[in-house]
Amino acid sequence: MTQPPAGDDVKACCAAAYSSDAVALLLGDSYHPGGTTLTRRLADALTLSPGERVLDVASGRGTTALLLAGAYDARVDGVDYSAASAALARETAQAAGLALKARFTTGDAEQLPYPDSAFGAVVCECALCTFPDQAKAAAEFARVLRPGGRLGVTDVTADAGRLPPELTGLSARIACIADARPLAGYARILAAAGLRVLVTERHDLAMLRMIDQIEARLNLMHMTAPDRLAAAGLDSGAAPHVLGAARAAVAAGALGYALLIAVKDR
Ligand SMILES: C[S@@+](CC[C@H](N)C(=O)[O-])C[C@H]1O[C@@H](n2cnc3c(N)ncnc32)[C@H](O)[C@@H]1O
């Protein structure tokens with residue numbers, strides 16, 4: 001019987017997948033449902049103050065961090081498991097003239113390379129669900145927040161028992177589905193880490209729009225750049241089936257996307 005991949009293998013696999021060019025072609029700049037519109041909603045709900053120190057955990061190519069630095073005047077640190085993504089985010093910050101306000105480093109969400117109480121706010125978009133030890137990551141969010149600091153999470157929600165087989169396994173885990181939880185499950189993990197949940201919102205429509213976008217871009221790539229699809233190991237033949245299963249799961253309420261805001265009480 002095939003053994004499930006160990007925690008570090010899952011992290012490395014996920015980090016490699018999200019730093020690939022093919023994923024950038026499919027997803028654009030922002031690697032989560034709702035894109036920068038939902039990031040703005042998250043930032044507004046966090047009521048960020050100008051100059052406030054914010055940590056973006058699993059910052060990917062830096063889109064969230066750069067929006068918070070540019071449009072909200074925050075001083076942002078981004079941390080991602082992928083050295084390639086962190087390097088790309090640094091280059092983008094430099095090009096946008098935001099290198100002094102947005103810094104990026106490589107690190108593990110389950111062992112954040114920052115001291116206790118260093119940040120007024122922590123954000124984590126579409127990534128908590130990929131971490132092998134979500135409770136440990138939540139404890140790290142709480143540790144690096146100052147008392148009274150706020151956490152903003154957006155993430156895939158899933159009712160594991162109702163997901164079809166196409167949406168489980170390692171590739172589904174990398175696609176942020178296989179180890180996603182119901183909204184109440186995330187709230188429990190945050191509460192156990194000492195983070196009191198203040199706001200929860202469902203954004204399932206954003207998940208449907210992302211599925212539509214991936215399908216449209218896959219079709220385009222299939223016609224215009226099939227070699228790039230193949231080089232990235234993307235099987236466009238299987239995609240309609242998997243995307244159809246994802247769409248049906250959203251319609252059935254077994255898959256979706258959500259936003260949570262929590263506070264570390266003083
Ligand atoms: C779906 S992408 C989201 C990226 C970004 N937050 C966004 O919304 O655009 C997931 C990100 O999580 C990162 N990641 C996965 N496991 C990680 C870990 N243990 N620690 C830090 N980053 C991790 C991946 O490298 C990838 O950049």
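**Helix packing, phi values and a polar contact**

Tutor: Helix H3 (residues 35-46) packs with helix H4 (residues 63-71) at an angle of about 55°, their axes lying 10 Å apart. The model is predicted, so that local features need pLDDT of at least 70 and side-chain atom pairs count only at pLDDT 80 or more, while totals for chains, interfaces and linings use all residues. Residues are numbered from 1 along each chain as its sequence is written, and side-chain values use heavy atoms, with hydrogens and water left out.

Student: What makes H3 and H4 oblique to each other?

Tutor: The axes are lines fitted to C-alpha atoms, for helices over the stretch in contact, and angles run from 0 to 180 degrees between N-to-C directions. Angles under 35 degrees count as roughly parallel, over 145 as roughly antiparallel, 65 to 115 as roughly perpendicular and the rest as oblique. The angle here is about 55°, and H3 and H4 are therefore oblique.

Student: Which residues of H3 meet which residues of H4?

Tutor: With contact meaning heavy atoms within 4.5 Å, Thr36, Thr39, Arg40 and Ala43 in H3 meet Thr63, Thr64, Leu67, Leu68 and Ala71 in H4. By class, this contact has 4 nonpolar, 4 polar and 1 charged residues, where Ala, Val, Leu, Ile, Met, Phe, Trp, Tyr, Cys and Pro count as nonpolar, Asp, Glu, Lys and Arg as charged, and the others, Gly among them, as polar.

Student: Why is Cys126 called buried?

Tutor: Buried means under 20% relative accessible area, exposed over 50%, and partly exposed in between (1.4 Å probe, protein chains only). Cys126 has 11% relative accessibility and therefore counts as buried. Cys126 lies in the loop between strand S4 (119-125) and helix H6 (134-144), and its phi is near 55°, a positive value in a residue other than glycine.

Student: Why is Asp73 called partly exposed?

Tutor: The relative accessible area of Asp73 is 36%, so this residue is partly exposed. Asp73 is found in the loop between H4 and strand S2 (75-80), and has a positive phi of about 60° although it is not a glycine. Most residues other than glycine have a negative phi.

Student: What makes the pairing of the side chains of Glu166 and His241 a polar contact?

Tutor: A polar contact is a pair of N or O atoms within 3.5 Å; within protein, one must be able to donate a hydrogen and the other to accept it, and residues adjacent in sequence count only if both atoms are side-chain atoms. The side chains of Glu166 and His241 make such a contact at 2.8 Å.

Key. Helix = DSSP H or I, 4+ residues; strand = E, 2+ residues; numbered from the N terminus.
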